[in-house]
Amino acid sequence: MEEYDDKGWDGDAMDGDSDGGEESNENPQEVLKECLHKFSTPDYIMEPGIFAQLKRYFQAGGNPEQVIELLSQNYTAVAQMANLLAEWLILGGVKVTDVQAMVENHLKDMILKTFDPKKADTIFSEEGETPGWLTEMIEHPTWRSLIYRLAEEYPDCLMLNFTIKLISDAGFQGEITSISTAAQQIEVFSRVLKTAITGFLQSGDDWQTSIQECAKMVCHGQHTYVYSQVLLQVLAQESKGGSNMKRLSQEITRCAQKNRHDVTPITMALNGASGYPQARQALTSMLSRNTLNPADITVLYRNYSALDPPPTDLIRNPQFLELLVDALFKPGVKLNPEHKSKYMYLLAYAASVCEVPGKEGKGQKGVQGRRGTALSKDELKATAQAIEKVHAVCCSTRGSTELIADLSTLYQCIRFPVVSVGMVRWVESTVTEPSYFKLCTEHTPIHLALLDEVAACHPLLHPKVLSLLVCLFESKQDELEILVQLEMRKMLLDRMVNLLSRGCVVPVVKYVKQCWQKGDTDISLIRYFVTEVLEAIAPPYSPEFVQLFLPMVENEEITGTMRCDGENDPVSEFIGHCKANFTLV
């Protein structure tokens, strides 16, 4: 692996030095003086170390009467008074749970203010074993959350590190996915990582949140990043679920890049690029700088147009593909005409060429690959031609009216997934221009109509399309009149309903419901959405859809004017069907 600069990672190094040395024979007078000072402090009789101090005191020749007098005089009974006050509150009618929460929260605040990690570490030297109260403490969520907060503030505290391990051993590792302390103990971190990966595999529509939580934990430090990526690389080789592990690994890499860590050397060390030094050097150069250049593109083109090219996976790096898509489809990017075809070839190659097991069969448009595999290039030429055609349209400065002549070409090319990705990028750059809707004359702009076709052809692009529609729906269009703004947002809701009809149901309904609950969206728009959805749907419905959509349908402000005296209107029919077929809470 190349030398890696870890200056950007915090918290990797731990100071392992500790003060040691055997205690010298104690001076009896000094012991008596120290013990008497402690016995004079308020409520010292309640301290856990009271018996050890009494033993020292008597061994040094201390007077029993004096210690009894000091301990009793300084007994203020703070803890007992707190218990008494709590009992009074309960007798006065306050709920037991509320009183318990009051006491616990106050104790948490006091501990957070006064916690001393050095004193905490002496617990083990004095007790000699795990204190019983600590084992009981971690059984309660309130105190576990306190340990997590303290562990974040004092990562070098041995007592807290040990307690984190106790919490992990007790089966609560799912709670410590964001705790930096876990990253310092491989056993604990391995459990936490396993829990995070399991959560990702079991997540449904909320998979993006699971990925973000897992990535944040893995990117805590260089050691956690390398360890996790090596593990995911091994899991990615599995036939069952391997593709999910590869996706998770890529998302973690993206997270590290967003945090301004150059993880390219680690990525290149794990993806098998070392066997192809020219391709490796060219990719490393571009990925480290996050920019393409003709010289390195030419090197890759030469390698991948050879008879025995490197593995396709090397150029299926998400960062590299995004750079290619931006270069070819983002308006305003200027490419050297002499090298443009090389960019297109590499993008088409990464998107369409695949390695198939076994030897090349008859009529297969491929070349012999490594280890008995064959490269299937059946789609390469058609994909490259489609990219070239759409690139020509995207780079032109044609307005919406002139685009009508290219619609047939665009619709034909949309069937290629990589072209659709580029088209979404082009549409995003175009429609987010501040003056776009001000200059637009059509009810449904051609650029957004193209998104409808993308949604119809490629379900995997639904999240990208929805994200763009949400961005436009929430954008300020202060230059437009109020009524024009409403019409524009209705048009965007039409696009969302189309997305819903193509299978992106829960994310669309969830977003509109959030708009309604926040109260920052005109109620007429919510009513318009509900009306359009009711016209588009039919039973059977999933419980999740009913749970999201029914509250909006039942709301009098939204659907009051849509109901008839009988039950023949869509609103009443939907409510009646839900009541008859679902248990409503």
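This is a predicted model: local features need pLDDT of at least 70, side-chain atom pairs count only at pLDDT 80 or more; totals for chains, interfaces and linings use all residues.
A cavity is a set of grid points where a 1.4 Å probe fits but cannot get out.

**The enclosed space**

The largest cavity has a volume of about 40 Å³, and its lining is made up of Phe473, Leu493, Tyr511, Val512, Cys515, Thr521, Leu525 and Ile526. Sorted by class, these lining residues comprise seven nonpolar and one polar, with no charged residues. Two helices, α27 (505-518) and α28 (523-536), each contribute at least two residues to the lining of the largest cavity, and α27 gives the most, with three residues.

**An open pocket**

The second largest pocket has a volume of about 2300 Å³. Its lining counts 48 residues, and those that lie nearest its centre are Met46, Glu47, Pro48, Ile111 and Trp133. Several helices, among them α1 (28-39), α5 (96-114) and α8 (141-153), each supply at least two residues of this lining. By class, the lining of the second largest pocket divides into 28 nonpolar, nine polar and 11 charged residues.

The two spaces can be set side by side as follows.

| Space | Volume | Lining by class |
|---|---|---|
| Largest cavity | about 40 Å³ | seven nonpolar, one polar, no charged |
| Second largest pocket | about 2300 Å³ | 28 nonpolar, nine polar, 11 charged |

**The nonpolar cores**

The largest nonpolar core has 105 residues, of which Phe320, Phe529, Phe549 and Phe574 touch the most other members. Helix α26 (residues 482-501) gives the most to this core, with nine residues. Apart from this core lies another one, of 42 residues, which includes Ile147, Ile176, Phe189 and Leu232. As for Phe320, when its neighbours within four places in sequence are left aside, this residue is in contact with Leu283, Met286, Leu287, Leu292, Ile297, Leu300, Ile315 and Leu346.

**A buried loop residue**

Gln477 lies in the loop between α25 (462-474) and α26. Is Gln477 buried or exposed? Gln477 counts as buried because its relative accessibility is 11%, and buried means under 20%. Not counting residues up to four places away in sequence, Gln477 touches Pro434, Phe437, Gln485 and Met488.

Note on methods
Residues are numbered from 1 along each chain as its sequence is written. Side-chain values use heavy atoms; hydrogens and water are left out. On a 1 Å grid over the protein atoms alone, a cavity is a set of points where a 1.4 Å probe fits but cannot get out, and a pocket is an open set with protein on both sides within 12 Å along at least five of seven lines; lining residues have an atom within 4 Å of a point. Grid points are joined across faces, edges and corners, and a volume is the space filled by probe spheres set on the points. Helices (H or I, at least four residues) and strands (E, at least two) are DSSP runs, numbered from the N terminus. Ala, Val, Leu, Ile, Met, Phe, Trp, Tyr, Cys and Pro count as nonpolar, Asp, Glu, Lys and Arg as charged, and the others, Gly among them, as polar. A nonpolar core is a set of buried Ala, Val, Leu, Ile, Met, Phe, Trp, Tyr and Cys residues joined through side-chain atoms within 4.5 Å. Buried means under 20% relative accessible area, exposed over 50%, partly exposed in between (1.4 Å probe, protein chains only). Contact means heavy atoms within 4.5 Å.
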